[in-house]
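I opened the model to look up a few things about its chains. My notes follow in the order in which I checked them.

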Amino acid sequence: MRRKEEIEHALTVLGRRMALDGAPDMEVLCCGASALCVLGLLTRSTMDVDVLGVVVRDRDLNPCEVFPEEMERAIANAGLELGLAEDWFNGSASRLLERGVPEGTLERALVHRKSFGPCLTVRFLDRKDQVALKLFAAMDPVDGIRHLKDLEEISPDPEEIIHSLRWMGNWKSSDAFRSKLKAIITGLGFGDLVVGEQA
Amino acid sequence: MKGAVSFGRRGGSARTHAKALAARQNILIRWHGKNEDGVIPEQALIDGAWYQGIGRSAPIALWDAAHAVFRTMSWSSFPDPVLFPEGERRVYRLKQERHSFREGGTFSPMRLIPIHHHEEKRGD
């Protein structure tokens, strides 16, 4: 899937399948390339929809590495219909919730909330929070470069970088972590911000 | 032929599936050509064959002609800020990428990897 319309079509197919397979109503928060495409921030194609978590009682975000059985069946059936992998709609990104998300993430995503049939509602992560998560993903010592490329395309502004640094600044971290983060921020052209936020 | 695929654990006149695959690839490349960067166009790809190339998720991929996508194996990594650069957690996943000639595509196949599973299993 490469365009907003294609991603929304896939989610519509999933919403219909969920209704047919008797899956429970679900509201999820999506991140990653599909959310970036829906927001018009990325041009590359993606064939995955990454779910960060399930929205509960409109204010909490629960991890969802495994979905309910009916939901998994609906995902697989929709994938078959669309020629996508069985796990095209997956919750592997919800491991990020171990560290929490930036404050106000769910509220900001309300602006990008959309229903796909009677069972499925999706909030797409706001640009500001996408930058924070991408920056963290770019810290991957083995394969961070691909996330850096996405970050370059998103072209974050200083306010978004400060938002990301404040989120990560609250964590206990090693010298190597802080040093690499500083190098990435400097590489993106925001070296002056590191001094103020990461001191 | 310049740029031809050469392969074969068994030389001489022995017929192998891998050699047949490589020969078929050479014919398709001769027919459809490569672009100036050496990327093999989609029309010259063989369904079910492995390709080495430049991709977002991996440098090798399996071409699935039925769905017009490359299938790759990759992982998402979640660094541990305290133990960094050690202690990362990995989630392994099958990924898909479109041919880079397509709009938004991310995998550029550069050469066939002439292997054949069934032959390897039989050991002939």
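Entry 1, strand pairing in chain B. The model is a predicted one. I began with strand E1 (residues 50-54) of chain B and strand E2 (residues 60-64) of chain B, and found them antiparallel and joined by three bridges. I then looked up the residue that faces B:Trp50, and it is B:Leu62 in E2(B).

Entry 2, the sheet as a whole. I asked in which order the strands of chain B lie in the open sheet. The order is E4-E3-E2-E1-E5, five strands with antiparallel pairing. Strand E4 (89-97) and strand E5 (108-113) of chain B are the edge strands, and I noted that each pairs on one side only. For the angle between neighbouring strands of this sheet I read 40° on average, with direction ignored.

I took the bounds from the domain assignment, which puts domain 1 at 4-125 and domain 2 at 128-198 of chain A. Taken over C-alpha atoms, the centres of domain 1 and domain 2 of chain A are 25 Å apart. I looked up how many residues each domain gives to the contact: domain 1 of chain A gives 12 and domain 2 of chain A gives 11. On the side of domain 1 that touches domain 2 of chain A, the elements that supply two or more residues are helix H2 (32-38) and helix H4 (105-109) of chain A. I sorted that side of domain 1 of chain A by class and got nine nonpolar, one polar and two charged residues.

The largest nonpolar core has 72 residues. I listed the residues with the most contacts inside this core, and they are A:Leu14, A:Leu29, A:Cys30, A:Val51 and A:Leu125. Helix H5 (residues 127-137) of chain A supplies the largest share of this core, six residues. I checked the core against the domain bounds: at least three of its residues come from each of domain 1 (4-125) and domain 2 (128-198) of chain A.

I looked up the contact between the chains, to which chain A gives 23 residues and chain B gives 23 residues.

Key
Residues are numbered from 1 along each chain as its sequence is written. Chains are lettered from A and ligands numbered from 1 in the order in which they are written. This is a predicted model: local features need pLDDT of at least 70, side-chain atom pairs count only at pLDDT 80 or more; totals for chains, interfaces and linings use all residues. Two strands pair if DSSP finds at least two bridges between them. Helices (H or I, at least four residues) and strands (E, at least two) are DSSP runs, numbered from the N terminus. Axes are lines fitted to C-alpha atoms, for helices over the stretch in contact, and angles run from 0 to 180 degrees between N-to-C directions. Domain bounds come from an automatic or database domain assignment. Two residues are in contact if their C-beta atoms, placed from the backbone, lie within 7 Å. Ala, Val, Leu, Ile, Met, Phe, Trp, Tyr, Cys and Pro count as nonpolar, Asp, Glu, Lys and Arg as charged, and the others, Gly among them, as polar. A nonpolar core is a set of buried Ala, Val, Leu, Ile, Met, Phe, Trp, Tyr and Cys residues joined through C-beta atoms within 7 Å. A residue is buried if 20 or more other C-beta atoms lie within 10 Å of its own, exposed if 12 or fewer, and partly exposed in between; C-beta atoms are placed from the backbone.
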